[in-house]
Amino acid sequence: MAKIAALPIVGMVLAECAQAGLMIVSKAAMSTGMNMLIFVCYSNALAAFVLLPTSLLFHRSTERPPITFSILCWFFLLGLLGFMAQLIGYAGINYSSRTLGTAMLNLIPAFTFVLAVIFRMEKIDGRSCSTLAKTLGTIVSISGAFIVTLYKGPPLLMTASVDMLSHNQLFLPQSNWVIGGMLLGLHCVVAAAWLIIQASVLKKYPAELIIVFYYCFFVAIQSVVVLWFVERDLSAWALNSRLRFFAVLYSGVFGSAFQVGVSTWCLNRTGPVFVSMFKPLGIVVAVAIGVIFLGDTFYLGSLIGASVIVTGFYSVIWGKANEEKMNDEAGAGSLTSKKQRVPLLHNIIDEI
């Protein structure tokens with residue numbers, strides 16, 4: 001039982017490490033002048049190519065509903081939101097930094113809660129501690145995003161090597177911190193909408209890797225359609241450097257196929273609360289890699305803002321977890337009083 005319970009934990013740790021790596025390689029590739037749309041197209045096309053045989057093999061013995069036109073429309077919508085999220089997110093990283101990008105990812109749970117309230121998927125009870133924690137956590141997280149976007153502050157961690165500074169010119173172009181932060185905030189809104197649509201699609205078609213395959217496939221197709229109008233220079237498609245080739249290879253295999261696939265698998269088995277709890281791990285990974293290996297500068301504003309975002313983030317998570325616990329207790333109370341209550345830990349093990 002313990003091994004089965006450990007699988008989602010290991011999966012989400014690896015997925016967040018892959019996400020942090022994606023932030024780094026995408027920033028590096030675009031710093032060489034690579035078109036963001038071409039990067040998105042290559043990455044998702046490669047991911048779809050990898051996922052086609054993998055998804056069929058993984059779900060070969062799984063009973064699943066037929067793929068109807070309605071299901072394909074849901075897949076297309078999922079791909080459209082994903083395409084917009086990737087494009088806006090990469091633009092934000094290109095204007096700002098890897099550290100800011102991973103810090104802003106913690107806004108996704110807060111925006112997901114706001115959208116769920118708007119679409120009446122989440123109920124608000126002013127007398128409930130859970131609702132208060134989620135509401136205040138959302139406000140605190142958004143406040144932290146404003147801090148990390150509008151205030152840089154003095155540098156806290158930076159490399160002193162002259163050789164590294166000359167090398168970093170490739171990785172750190174002139175950026176606009178505020179525009180990058182705003183784009184990353186918009187990316188979080190679109191990503192939150194993507195999560196809501198994804199949860200709906202999983203209920204209609206519970207085959208995770210097949211969903212991820214169609215998602216990557218439609219993102220690649222949509223990228224080609226847009227590129228047909230905005231990029232007619234065929235030389236822009238050339239992967240004429242090892243850095244670009246490695247960035248596309250990493251993004252397709254690990255950033256899209258592996259990271260999205262594992263996250264979707266964990267989401268379907270443990271729920272969004274469990275998956276969201278691992279988002280702050282991306283900050284630690286990105287900061288460590290960026291400062292130690294790539295010569296990134298870590299600013300005071302990033303530290304303060306990220307701390308505020310994480311505080312608000314865990315407030316939202318605690319409120320959601322407490323709400324689910326109260327719902328479970330209410331469901332258990334409706335059973336016959338003659339049955340002996342089973343300890344909470346035993347219930348969790350049985351469910352796993």
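This is a predicted model: local features need pLDDT of at least 70, side-chain atom pairs count only at pLDDT 80 or more; totals for chains, interfaces and linings use all residues.
Trainee: What makes up the protein chain, in helices and strands?

Mentor: The protein chain has 14 helices and two strands. Of its 352 residues, 47% count as buried. Look also at contacts with a separation of 6 or more: residues 24 or more positions apart account for 92% of them.

Trainee: Which residues touch the most other members of the largest nonpolar core?

Mentor: Phe 75 and Met 104 do, in a core of 71 residues.

Trainee: What does Phe 75 contact, leaving aside its neighbours within four places in sequence?

Mentor: Phe 75 is in contact with Ile 67, Val 201, Tyr 205, Ile 211, Tyr 214 and Phe 218.

Trainee: What makes helix 2 and helix 10 oblique?

Mentor: Helix 2 spans residues 36–58, and its axis crosses that of helix 10 at roughly 50 degrees. Roughly parallel would need an angle under 35, and roughly perpendicular starts at 65. The angle falls between those limits, so helix 2 and helix 10 are oblique to each other. The two axes come within 8 Å. This crossing is right-handed.

Trainee: Which residues of helix 2 and helix 10 make the contact?

Mentor: Among those of helix 2 are Phe 39, Tyr 42, Leu 46 and Phe 58. Helix 10 contributes residues including Val 248, Leu 249, Val 253 and Trp 265. The contact divides into twelve nonpolar, five polar and no charged residues.

Trainee: How do you know how helix 3 is oriented to helix 8?

Mentor: Helix 3, residues 69–95, packs against helix 8 at an angle of about 160 degrees, with the axes 8 Å apart. An angle over 145 counts as roughly antiparallel, so that is the term for helix 3 and helix 8. Their crossing is left-handed. The contact has 23 nonpolar, seven polar and one charged residues.

Trainee: His 187 is in helix 8. How do you know whether His 187 is buried or exposed?

Mentor: The relative accessible area of His 187 is 15%. Buried means under 20%, so His 187 is buried. Setting aside neighbours within four places in sequence, His 187 is in contact with Ala 85, Ile 88, Gly 89 and Leu 105.

Trainee: Which residues of helix 5 are buried?

Mentor: In helix 5, residues 108–118, the buried ones include Ile 108, Pro 109, Phe 111 and Phe 113.

Trainee: Why is Tyr 151 called partly exposed?

Mentor: Tyr 151 has 38% relative accessibility. Buried is under 20% and exposed is over 50%. The value for Tyr 151 lies in between, so Tyr 151 counts as partly exposed.

Trainee: Where is Tyr 151, and what does Tyr 151 touch?

Mentor: Tyr 151 sits in the loop between helix 6 (129–150) and strand 1 (155–157). Not counting residues up to four places away in sequence, Tyr 151 touches Phe 146, Leu 300, Gly 301 and Ile 304. Gly 305 is 154 residues apart from Tyr 151 along the chain, and their C-alpha atoms are separated by 8.5 Å.

Trainee: What makes Ile 147 partly exposed?

Mentor: Ile 147 is in helix 6. Its relative accessible area is 29%. That value falls between the 20% and 50% limits, so Ile 147 is partly exposed. Leaving aside neighbours within four places in sequence, Ile 147 contacts Gly 301, Ile 304, Gly 305 and Val 308. The C-alpha atoms of Ile 147 and Ser 302 are separated by 7.9 Å, with the two residues 155 apart along the chain.

Note on methods: Residues are numbered from 1 along each chain as its sequence is written. Side-chain values use heavy atoms; hydrogens and water are left out. A nonpolar core is a set of buried Ala, Val, Leu, Ile, Met, Phe, Trp, Tyr and Cys residues joined through side-chain atoms within 4.5 Å. Buried means under 20% relative accessible area, exposed over 50%, partly exposed in between (1.4 Å probe, protein chains only). Contact means heavy atoms within 4.5 Å. Axes are lines fitted to C-alpha atoms, for helices over the stretch in contact, and angles run from 0 to 180 degrees between N-to-C directions. Helices (H or I, at least four residues) and strands (E, at least two) are DSSP runs, numbered from the N terminus. Angles under 35 degrees count as roughly parallel, over 145 as roughly antiparallel, 65 to 115 as roughly perpendicular and the rest as oblique. A crossing is left-handed if the near helix is turned anticlockwise from the far one by less than a right angle, and right-handed if clockwise. Ala, Val, Leu, Ile, Met, Phe, Trp, Tyr, Cys and Pro count as nonpolar, Asp, Glu, Lys and Arg as charged, and the others, Gly among them, as polar.
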